Amino acid sequence: MARPLGPVRLKKASPVNLAIGAVFTILVLYFLIGSSAPDFSASRKASAASHPLSPPTSPFRKSTGGGKPKAPPVAHYNLNNVTITSDPLGNRENILVLTPMARFYQQYWDNLLKLSYPHELITLGFILPKTKEGNAATTELQKQIAKTQKAGPEQTRFKSIIILRQDFEPPIQSQDESERHKIQNQKIRRAAMAKARNSLLFTTLGPDTSWVLWLDADVIETPPSLIQDLAAHNKPVMAPNCFQRFYNTEKKAMDERPYDFNNWQDSPTAAELAKKMGPDDILLEGYAEMATYRALMAYMHKSDGLRQETVPLDGVGGAALLVKADVHRDGAMFPPFSFYHLIETEGFAKMAKRLGWQPFGLPNYKVYHYDE
């Protein structure tokens, strides 16, 4: 038989215990709320978009509140107010860094983080193929983005990041350097590259973008002041000289050699070759089978030359290339077809010139390509 219980006596909590409990509760709430979103400075909050349909180059913060989402805003942009000057840092101009990526190189990302231009003014855009290597690269890229944008210090976080996946099959599955650079693969490979560059450009170019920096995924070393240095010349298209560090077995020491041969000045020989070509044929640079005798910027480098020396160019490569956004807005893109017997980046240089924008190069200003 159950025995009735006597009266229950509640023990009175001491004021000290109540105070400790209150402090603990406040700390828990602070960490739960504070860790739900990264800390943004006032300038980042001011430039954040209010709707996901805003320009992709604007940072967008998801609303933490409930209720009905806001309707897409009617946005007005006056492109006359977008400055493109030789002092982008002083004028706080927005930079769009675009990278077609088939493989992920950690050195590329590490170099990107070292850029001294304020990251809050830099938007990153990537396009990757739907291949096994492309999937692996996307996974690694997303890991580094999460590490930087969510857990990294605020000064390393970029304004916004866009990742695209190609909607067409790459013509060459292998990304090995020897396979990529076979002369018989050049037209289809570079046509596919041109389509990828155009898709990336047309999707990401925002109304407040001042400069577009094209930076290949295998360019792993640049000066931290790359953007400021190239923009300081105030040229519509500016290409640094791309070299490659390697181990020289003859010298038994590290050495360097020219890499990008698509930065060039035209020659009478190339013009004569073009006259004999069919409408869909293209001229290629760097192949003994097609000697053009163009003046290559890769060989204009002088060890004792001035880093700020510039030369006019008729063709450019895409390893590293700073372009005024107005050049692209005027219609200069990367032709995936024979354009005056040129294609992709070299075709872009020709198109820019036809629109009145003269490309230039910096023979003594070097960036470095990954050595496979």
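This report looks at one helix pair and several salt bridges in a predicted model.

## Two helices in contact

Helix α6 covers residues 186–204, and helix α10 covers residues 344–354. The two pack at an angle of about 60°. Their axes lie 8 Å apart. Angles of 65 to 115 degrees would count as roughly perpendicular. The α6 and α10 pair is therefore oblique.

Which residues meet? From α6 come Arg190, Met193, Ala194 and Arg197. From α10 come Glu344, Thr345 and Glu346. The residues of this contact divide into 2 nonpolar, 1 polar and 4 charged.

Side chains of opposite charge can pair when their charged atoms come close. Glu344 and Arg197 form a salt bridge, at 2.7 Å from N to O. Glu344 sits in α10 and Arg197 in α6, so the pair ties together parts 147 residues apart in sequence. Are these two residues buried or exposed? Both Glu344 and Arg197 are buried.

The pair also belongs to a network of salt bridges. Its members are Arg190, Arg197, Asp216, Glu344 and Glu346.

## Other salt bridges

The model's count comes to 20 salt bridges. One of them joins Arg307 and Asp229, at 3.4 Å from N to O. Arg307 lies in the loop between β9 and β10, and Asp229 in helix α7, so this pair links parts 78 residues apart in sequence. Arg307 has 40% relative accessibility, so it counts as partly exposed.

Asp255 and Lys251 form another salt bridge. Their closest N and O atoms are 3.1 Å apart. Asp255 is partly exposed, at 21% relative accessible area. Lys251 has 57% relative accessibility and counts as exposed, because the cut-off is over 50%.

Technical notes
Residues are numbered from 1 along each chain as its sequence is written. This is a predicted model: local features need pLDDT of at least 70, side-chain atom pairs count only at pLDDT 80 or more; totals for chains, interfaces and linings use all residues. Side-chain values use heavy atoms; hydrogens and water are left out. Axes are lines fitted to C-alpha atoms, for helices over the stretch in contact, and angles run from 0 to 180 degrees between N-to-C directions. Helices (H or I, at least four residues) and strands (E, at least two) are DSSP runs, numbered from the N terminus. Angles under 35 degrees count as roughly parallel, over 145 as roughly antiparallel, 65 to 115 as roughly perpendicular and the rest as oblique. Contact means heavy atoms within 4.5 Å. Ala, Val, Leu, Ile, Met, Phe, Trp, Tyr, Cys and Pro count as nonpolar, Asp, Glu, Lys and Arg as charged, and the others, Gly among them, as polar. A salt bridge is a side-chain nitrogen of Lys or Arg within 4 Å of a carboxyl oxygen of Asp or Glu. Buried means under 20% relative accessible area, exposed over 50%, partly exposed in between (1.4 Å probe, protein chains only).
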